[in-house]
Amino acid sequence: MQNNLEKWLISILATFGGFVSFGILGAFVSNILNVWEIPLIGFCAAFATVSIAYLSAPKLPKHYASAIFILGAILAYYLLRHELYPETYEQKAYLQTWLPLLLTLVGGVMPVALIWFRGKRA
């Protein structure tokens, strides 16, 4: 039987793995749909990361998923605060935008809201 530390380590690895794999999946989907990659990657990665954190936590899944969301929001702000529109947006090319950060935060808030208002796990 696994001890608690091993369960948490597996949960952390699963959460990070979900972040990476769904970020890559978001890039593939954005290429197929021919849309700007960064907002879709952020949305998919945030949604999956918070959801996997909730599903994989051995104890206090709501709190763990919320903590992962907060850490992810801080990281997203740090990485996306100076994001610019791509050159394909002719009227707005190279102007600063908050769209990638906003969509990333929405991707994380959605599962957090579902977890706290509809979740059945303790």
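I began with a pair of helices, and I noted that H2 passes H3 in a right-handed crossing, where right-handed means that the near helix is turned clockwise from the far one by less than a right angle, and left-handed anticlockwise. The model is predicted, so I kept in mind that local features need pLDDT of at least 70 and side-chain atom pairs pLDDT 80 or more, while totals for chains, interfaces and linings use all residues. Residues are numbered from 1 along each chain as its sequence is written, and side-chain values use heavy atoms, without hydrogens and water.

I then looked up the angle: the axes of H2 and H3 (lines fitted to C-alpha atoms over the stretch in contact, with angles from 0 to 180 degrees between N-to-C directions) come within 8 Å and cross at roughly 160 degrees. H2 and H3 are therefore roughly antiparallel, a term for angles over 145 degrees.

Next I listed the contacts (heavy atoms within 4.5 Å), and found Val50, Ala53 and Tyr54 among the H2 residues that meet H3, with Tyr64, Ala65 and Ile68 among their H3 partners.

Beyond its neighbours within four places in sequence, Ile115 is in contact with Val50, Tyr54, Lys62 and Ala65.

Finally, I recorded that the protein has four helices and zero strands, both taken as DSSP runs (H or I, at least four residues; E, at least two) numbered from the N terminus.

Technical notes: Angles under 35 degrees count as roughly parallel, over 145 as roughly antiparallel, 65 to 115 as roughly perpendicular and the rest as oblique.
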